[in-house]
Amino acid sequence: MVIAEVPKLASAAEYLFKMGVQGKRFRPTVLLLMATALNVRILETETGSVGDALTTELRKRQQSIAEITEMIHVASLLHDDVLDDADTRRGIGSLNLVMGNKVAVLAGDFLLSRACVALASLKNTEVVSLLATVVEHLVTGETMQMTSTSEQLCSMEYYMQKTYYKTASLISNSCKAIALLAGQTTEVAMLAFEYGKNLGLAYQLIDDVLDFTGTSASLGKGSLSDIRHGIVTAPILFAMEEFPQLHSVIDQGFDKPENIDAALDYLWKSRGIQRTRELAAKHANLAAAAIDSLPETDDEEVRKTRRALVDLTQRVITRNK
C-alpha cells in the first residue's frame, strides 16, 4: 500500500514500516482483536459457506481499517518529528534527519493520501467521516500544543483534550469503525469507541510517565523530550497541584536548563508520577468495563478475544517502554 513510483518517496514512505523499526503495531493489534470480539452477529446468524464467505469479506474490510490506522499514525509521527526537530525515532535516525524535512513532510502526506484511497474503497461514508475526523483531530491537537498560552499549559482539562485529539481519537474512532463495518448497533459501536478512547488516554499517560522515568534506549527516542520542548504533561501538572510555585517555572519556559532542573526537583518531591499512573489505571479500568458491557456470547473465540482486550488494558499501564 505504500509503494510509490519515485524511488526516494518509496524509500521514505516505507522507512518506519521496515522490519526492526515497525514499532509495536499496537493500534492494528487492538483493531484486529476488536474485529474478532465484535463479529459475533455474523458468526451466530449465518451458517455454512455463506457465513464463511461473509466473515472472510468482513475481516478483509476490517483489516483495511487496521492498515489505514497504522498509516495515519506513522504519517503523524513523520510530521511530528519535523515539527519537533527530532533526531531519533524507534531507535534509529528520524526520517527528517536522514532525508531532510521536505522529504519527511511529503512522505507523511503520501501515507495520508494512500490511507484516503484505501478508505474510499470501503464505500462506507460513516467510516470515511470517522477517519477524516481523526486527521482533523491530529492537526487540532498539534496546533493546541504549539499555540497554548501559559494558562492553558497549566490546565489539566486542556491537556486531556489535547491528548484525546493527538492520541486517543485515532484508536477510539477506528474501534468504532470496526464495529460499524460489522453491522453492530449504535450502543455496541459506542462501547467500542469508549474502549479505544480510554485505552488511548491510558497509553499516553504512561508515555508521559516514561518520558521522565524511561531511558532513551527503551523509548526509542530521547528521554525528557517533552519538557525540553516546553510540553507540560500530567506528571508536572499533578506536581504543580502540590507545589504551586511550579507555575512560575512553567511561565518562564524551559529554554534554560535550570528551569528544567527546578521542575524535575518539584516533580520528584511530589506524587506527580504516582497520580499519573493512578489516572492511567482509571482509564484502563473504564476501557475494560466497556468490553465487559458488550452483549454476551457463547462463542469461545469471541470470549477469549474479549479477555485479551481486557488484559491489554493492564499491560498498557504496566509497560516500561
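1. Helices here are DSSP runs of at least four residues, numbered from the N terminus. The model is predicted. The points below cover its cavities and its salt bridges.

2. Start with the empty space. Rolling a probe the size of a water molecule over the atoms shows where such space is left. The count comes to 2 cavities of 30 Å³ or more.

3. Which helices each supply at least two residues of the lining of the largest cavity? They are α7 (125-147), α8 (150-153) and α9 (156-181). The largest share, 3 residues, comes from α9. Among the lining residues are Met144, Gln145, Leu153, Tyr158, Tyr159 and Lys162. Gly230, Ile231 and Val232 also line this cavity. By class, its lining has 6 nonpolar, 4 polar and 1 charged residues.

4. Now the second largest cavity. Phe26, Arg27, Thr167, Ile171, Gly200 and Tyr203 line it. Helices α2 (26-38), α9 and α10 (186-213) each supply at least two residues of this lining. The classes divide into 3 nonpolar, 2 polar and 1 charged.

5. On to charge pairs. Side chains of opposite charge can pair when their charged atoms come close. The structure holds 7 salt bridges. One of them joins the side chains of Lys166 and Asp80, at 3.7 Å from N to O. Lys166 lies in helix α9 and Asp80 in helix α4 (residues 48-84), so the pair ties together parts that are 86 residues apart in sequence.

6. Is Asp80 buried or exposed? Asp80 counts as buried because its relative accessibility is 18%, and the cut-off for buried is under 20%. Lys166, at 22%, counts as partly exposed.

7. A salt bridge also links the side chains of Arg319 and Asp207, at 2.9 Å from N to O. Arg319 sits in the segment after α17 (300-318) and Asp207 in helix α10, so this pair ties together parts that are 112 residues apart in sequence. Arg319 is buried, with a relative accessible area of 13%. Asp207 is partly exposed, at 24%.

8. Arg307 and Glu300 form a salt bridge through their side chains, at 3.0 Å from N to O. Arg307 is partly exposed, at 46% relative accessibility. Glu300 is partly exposed too, with a relative accessible area of 44%.

9. One last point on networks. Salt bridges that share partners join Asp80, Glu142 and Lys166 into one network.

Methods
Residues numbered from 1 in each chain as written. Predicted model: local features only at pLDDT ≥ 70, side-chain atom pairs only at ≥ 80, totals over all residues. Heavy atoms only, no water. 1 Å grid on protein atoms, 1.4 Å probe; cavity = no way out; pocket = protein on both sides within 12 Å on 5 of 7 lines; lining within 4 Å. Points joined across faces, edges and corners; volume = space filled by probe spheres on them. Nonpolar A, V, L, I, M, F, W, Y, C, P; charged D, E, K, R; others polar. Salt bridge = Lys/Arg side-chain N within 4 Å of Asp/Glu carboxyl O. Buried < 20%, exposed > 50% of the residue type's maximum accessible area, 1.4 Å probe, protein only.
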